[in-house]
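This report describes the pocket, the nonpolar core and the aromatic pairs of one protein model. The sequence and coordinates are shown first.

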Amino acid sequence: MSGREEFVRRFGGVFEHSPWVAERAYDRAASVGLTAGNVHSALCTAFRAASPAERLAVLKAHPDLAGKLAVAGELTPDSRAEQASAGLDRLSPEEHARFTALNEAYTKKFGFPFIIAVKGLTKDDIVAAFARRIDNPAEEEFEAACAEVEQIARLRLKSMLPGDDYA
């Protein structure tokens, strides 16, 4: 297996279901060393250099929070752990209905699921963020969602490369 193939195999899932980000980031990451900070920088540079349609596809690859995939047990291992850390796997029927309504309203308005780095947040924090962001203009929310995707990537890389003290 080549260095590029190994890099994509290892980091291709950091941006949800979007291994092309790692493929495009390889040359930059390989030239500076495989630390969480360097890999994150390379991945984010590749993501930000992508067309708006490609970035939108990354956003659309993310699951709804506490949505159908979670209920069916079909989240990626990273997404499952992240949502569980915020208690989204233990919602009451009323809370689940609230998340379903918020997800539907958000996706209808913006065309992609609500994305937030849930690590360290509670379900109440997430509901409050939904309420704050649902009134954003479309362009502003697209950028907010892209920034959240990059934050999720940073957190995933920190867990993958635990010896790195990247903040």
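## Pocket, core and aromatic cluster

Helix 6 contributes the most to the lining of the largest pocket, namely 6 residues. Helices (H or I, at least four residues) are DSSP runs numbered from the N terminus. The model is predicted, so that local features need pLDDT of at least 70 and side-chain atom pairs count only at pLDDT 80 or more, whereas totals for chains, interfaces and linings use all residues. Residues are numbered from 1 along each chain as its sequence is written, and side-chain values use heavy atoms, with hydrogens and water left out.

**The largest pocket.** The space in this pocket amounts to about 290 Å³. Among its 20 lining residues, D78, E82, V118, I152 and R156 are the closest to the centre. Two or more lining residues come from each of helix 6 (77-85) and helix 9 (138-160). By class, the lining comprises 10 nonpolar, 5 polar and 5 charged residues. Here Ala, Val, Leu, Ile, Met, Phe, Trp, Tyr, Cys and Pro count as nonpolar, Asp, Glu, Lys and Arg as charged, and the others, Gly among them, as polar. A pocket is an open set of points on a 1 Å grid over the protein atoms alone, where a 1.4 Å probe fits, with protein on both sides within 12 Å along at least five of seven lines; lining residues have an atom within 4 Å of a point. Grid points are joined across faces, edges and corners, and the volume is the space filled by probe spheres set on them.

**The nonpolar core.** The largest nonpolar core has 46 residues, of which F15, L43, L65, F99 and I126 touch the most other members. Such a core is a set of buried Ala, Val, Leu, Ile, Met, Phe, Trp, Tyr and Cys residues joined through side-chain atoms within 4.5 Å. Elements that give two or more residues to this core include helix 1 (3-11), helix 4 (52-61) and helix 7 (93-110). Beyond four places in sequence, F99 touches L65, A66, L88, L91, K123, I126, V127 and F130; contact means heavy atoms within 4.5 Å.

**Aromatic pairs.** The structure holds 11 aromatic pairs. Rings of Phe, Tyr and Trp (its six-membered ring) pair if their centres lie within 6.5 Å; planes under 30 degrees apart count as stacked, over 60 as edge-to-face and the rest as tilted.

| Pair | Centre to centre | Angle between planes | Class |
|---|---|---|---|
| Y106 and F110 | 4.6 Å | 50 degrees | tilted |
| Y106 and F112 | 5.8 Å | 75 degrees | edge-to-face |

Y106 and F110 both lie in helix 7, 4 residues apart, about one turn of the helix. Buried means under 20% relative accessible area, exposed over 50%, and partly exposed in between (1.4 Å probe, protein chains only). Y106 is buried because its relative accessibility is 0%; F110, at 11%, is also buried, as is F112 at 3%. One aromatic cluster comprises F99, Y106, F110, F112, F114, F130 and F142.

L59 belongs to helix 4 and counts as buried because its relative accessible area is 0%. Its contacts beyond four places in sequence include F112, P113 and F142. The C-alpha atoms of L59 and P113 are separated by 7.0 Å, although these residues are 54 residues apart along the chain. H62 lies in the loop between helix 4 and helix 5 (68-71) and is buried at 8% relative accessibility. Beyond four places in sequence, H62 touches E16, P113, I115, V149 and I152.
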